[in-house]
Structure formats: C-alpha cells, structure tokens
Amino acid sequence: MKSLQLRAREERRLRSGHLWIYSNEVDITATPLKGFEPGDLAVVTDARRQVLGTATVNPNTLLCGRLIDRGRVEPDARWFLIRLRRAWAWRERLGVLPYCRLFNSEGDGVSGLIVDLYGDVAVVQLNTAGLERLKEPLLQALGELHDFRGILFSNSSSGRRLENLAAADDVFGDVPEHCQLDEAGCRFTVDLKAGQKTGWYFDQRDNRQRFMPLLRGCSVLDVFSYVGAWGVGAGKAGSGPVTCIDSSAPALELAGQNARANGLDLELMAADAAPAMQALRTAGRQFGAVLLDPPPLVKRKKDLQAGKAHYAKLNELGATLLAPGGILISSSCSHHLSAEDLQRTVYKAARRGNRELQLVARGGQSADHPLHPAIPETEYLKALVFRALN
Ligand code: SAH
C-alpha cells in the first residue's frame with residue numbers, strides 16, 4: 001500500500017479524532033500527491049513515520065484524504081460488515097428500522113458512505129473515489145447484513161460530482177421506481193431514482209415527530225414541502241387545512257398523491273417560495289403555523305452574508321403570514337449558519353415585519369444521523385420553533 005506522510009505537527013487533528021486530511025497538510029516532498037490515483041488507499045504517517053491509520057486518497061480534491069481506520073487495513077467485506085452491524089444495532093435500538101438512515105458517513109465512522117433504508121431496499125451513496133473502488137466488498141457485506149430485495153447505488157450527490165465520479169445509478173437486485181415508506185402513521189410514496197437526497201429527508205423525522213402535535217387545529221403553510229412529509233404528517237396529526245409550496249412540480253405531485261393516500265387533501269403551489277409567500281400575504285392569508293425548510297442557502301463560508309439575507313427574507317415573510325399566536329418552525333441545513341445565527345436572523349426578520357416572537361423549542365438532526373464529535377461539519381440541521389406573541 002502507498003504511504004501518505006503528513007508535515008510536522010499536522011497530525012494533531014487526526015490524533016484528536018478528526019478524519020480529514022487537507023492537501024496542504026501532506027509532506028509532498030516525502031509523498032508527492034501526484035503519485036496517487038483517485039481512490040487509492042494509503043497508510044497515513046506522521047513526520048516521524050509513525051502510522052496514524054489508513055485513508056482513502058483523492059489527489060484532485062482539497063480534502064485529499066479521509067481516514068477510514070486507525071490501523072493499517074485493506075477493507076474487505078468483513079471490515080464493512082462490522083461497521084454496518086454497529087450502525088444497524090443503533091437504528092434497531094432507536095426503533096426506526098426499516099425506514100431510516102442506516103449509515104451516516106463520518107458520524108458512523110466511514111467518511112463518504114451513506115446508506116438509507118426504504119424497507120427492503122437500500123439506497124447507497126459512495127461519495128469518495130476510494131469508496132467507489134470498494135464497492136464489491138461493501139456490496140457483499142450488505143448482502144450478509146440483510147436479505148435486501150434491491151440495492152441502489154445512487155449518483156445524486158454533490159459529493160460525487162466533487163470527486164468526479166460517474167453519474168449513472170447502479171442497481172443490484174430489484175429496485176422499484178417508487179418505494180413505500182411509513183412515518184408517523186402515514187404511508188408515503190417516494191421516488192428513489194429521480195427524487196432528492198436518496199428520496200426522503202430522514203434528517204427531519206425526529207423534529208416532525210416532536211413538533212407535529214403543536215400543529216393540531218392550525219391551518220398550516222408548509223414551505224419547501226418536497227413530497228409532503230411535514231404537510232401530510234400535520235394533516236394526519238389533526239391540523240387544519242394544509243398549503244404546500246415547492247418549486248419542484250414532480251415533488252408536489254407526489255405530495256398530492258401522498259395526501260390522497262392518507263385520506264387528506266392539500267392545497268399545492270408549485271412556485272418559487274418567496275414570491276408565492278408574498279402573493280399569499282397580498283391576498284391577506286394567515287396561517288396558524290408556517291414551516292420553512294429551505295435547501296442549504298449557505299453552501300460555503302463566503303456565502304454567509306448573502307445566505308443570511310436570504311434566510312431573513314423568507315423568515316420575514318413567514319412571520320408576517322402567521323395568525324396571532326401562530327407557530328413558526330424555521331429550519332436550516334447549512335452547517336455554516338449556526339443555530340445562534342439562525343435564531344438571531346429569524347428574530348430580527350420577524351421584528352422587521354412587526355412580529356414579536358418567543359423561542360419555544362430547538363431541534364437538530366434525527367438520531368439516526370449521528371454526529372462525529374470532532375468534525376463540526378457533521379452537524380448541520382437545526383429546526384427552531386417560535387411562537388408569535390402578537
Ligand atoms: N421539508 C422537506 C424537505 C425540503 S428540501 C421534508 O421534510 O421532507 C427543500 C425543498 O425545497 C426541495 O423539495 C426543493 O424542491 C425545494 N426548493 C428549492 N428551491 C426552492 C425555491 N426557490 N422555492 C420553492 N421551493 C424550493
């Protein structure tokens with residue numbers, strides 16, 4: 001196996017538990033990055049040649065190495081199986097099988113590996129060139145873990161694009177176009193192949209479960225609704241009428257279908273969120289609850305100011321659409337925007353719209369999305385629940 005030597009003192013982060021290696025931390029005189037092909041495995045050493053572990057390497061990316069083991073290993077099916085079983089045991093304990101995130105990248109110890117479960121279908125994202133090369137042993141391990149009907153290797157992630165990986169889905173066994181999923185007493189249909197993420201946002205499930213009872217009896221505006229997880233769940237939990245806004249027509253169509261399958265009816269608006277909310281405001285509409293769950297609006301640190309302004313705009317509109325005493329559940333999945341930042345942004349935006357808010361609860365990502373305690377980037381989702389005092 002090749003070796004990747006770090007510059008003096010650059011090993012400290014890895015020793016403190018971190019898994020990432022940036023290209024400027026590599027001693028390129030000792031181990032030039034051009035000696036690596038994307039996806040190579042390497043033994044990582046400190047400047048004194050002491051072994052720190054094994055990493056997958058991609059010389060073409062800034063984040064050029066990801067430690068996958070603290071020892072020297074060539075991952076085989078058994079190596080994957082140990083990690084998958086550990087992850088499975090946690091989801092079993094949470095009681096979320098078989099509809100959940102089974103494996104959450106760094107949080108479960110293998111940077112770049114995502115596995116979501118849709119009943120007996122597993123959807124896998126391999127987000128590094130290194131993992132792409134380890135597909136065979138992983139596939140074998142998944143087969144030993146559970147008798148899956150089908151396994152879909154999905155291409156739909158920005159991580160794969162960054163690593164320059166092939167854009168085609170890869171299917172093993174029987175993977176239907178649409179899958180069924182149960183959440184909170186509702187049955188949903190999701191689109192595994194053309195949908196977003198792997199088809200469903202499991203990261204919001206715990207927040208939905210926790211905050212849905214607050215929506216009882218309220219008219220609900222679900223902005224960025226995707227296929228209706230919040231909106232349909234709210235209706236089922238006894239909310240008043242639900243309006244969904246999303247710019248994706250196929251997602252909204254599925255939301256409508258999901259509502260009907262659960263004996264509900266949604267008002268659907270296929271539109272850009274801000275102008276659609278503005279139009280509702282002009283029409284004098286008000287809602288007992290407004291849910292905002294936009295896509296990440298701060299992708300890079302340098303977009304923070306522009307992103308904050310975007311969150312502010314959406315939240316000002318959301319707050320002004322609240323009926324007196326109404327509830328605003330404002331989410332952000334941008335790691336670079338902290339919960340405190342979001343909290344301040346929403347509060348200020350609401351005041352600009354002459355609404356005074358109190359903060360009644362805070363939520364994060366579901367417990368089947370473990371964080372890596374040494375990697376702050378693995379914590380990204382926050383959902384803040386506010387109540388309007390006026
Ligand atoms: N709330 C959903 C997840 C939302 S993901 C759930 O819990 O399942 C973000 C959604 O925002 C996606 O469905 C995407 O289609 C939609 N979206 C992205 N940009 C948008 C825009 N400008 N206006 C409206 N919807 C948008």
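**Pocket, cavities and overall form of a predicted model**

Student: Which residues that line the second largest pocket are the closest to its centre?

Tutor: The second largest pocket holds about 190 Å³ of space. Its lining comprises 13 residues, and those closest to the centre are D191, A194, P250, A251 and L254.

Student: Which helix gives the most residues to the lining of the second largest pocket?

Tutor: The secondary structure of the protein comprises 11 helices and 19 strands. The leading contributor to the lining of this pocket supplies five residues and spans residues 249–261. That element is helix α8.

Student: Which element supplies the largest share of the lining of the largest cavity?

Tutor: The largest cavity has a volume of about 60 Å³, and its lining includes E183, F188, R205 and M212. At least two lining residues come from each of β12 (186–191), α6 (205–211) and α7 (229–236). The largest share, three residues, is that of α6.

Student: How many charged residues are in the lining of the largest cavity?

Tutor: R205, R208 and E183 are among the residues that line the largest cavity. By class, the lining has five nonpolar and two polar residues, and its charged residues number three.

Student: Which element gives the largest share of the lining of the second largest cavity?

Tutor: The second largest cavity has a volume of about 40 Å³. Elements giving two or more residues to its lining are β4 (51–57), β5 (63–69) and α3 (129–133). The largest share is four residues, and they come from β5.

Student: Why does the radius of gyration of the protein agree with that of a compact globule?

Tutor: A compact globule of 390 residues would have a radius of gyration near 21 Å, so the value for the protein agrees with this expectation. The C-alpha trace spans about 70 × 45 × 35 Å along its principal axes. The radius of gyration of the protein itself is 22 Å.

Key: Residues numbered from 1 in each chain as written. Predicted model: local features only at pLDDT ≥ 70, side-chain atom pairs only at ≥ 80, totals over all residues. Heavy atoms only, no water. 1 Å grid on protein atoms, 1.4 Å probe; cavity = no way out; pocket = protein on both sides within 12 Å on 5 of 7 lines; lining within 4 Å. Points joined across faces, edges and corners; volume = space filled by probe spheres on them. Rg over C-alpha atoms; globule rule 2.2 N^0.38 Å. Nonpolar A, V, L, I, M, F, W, Y, C, P; charged D, E, K, R; others polar.
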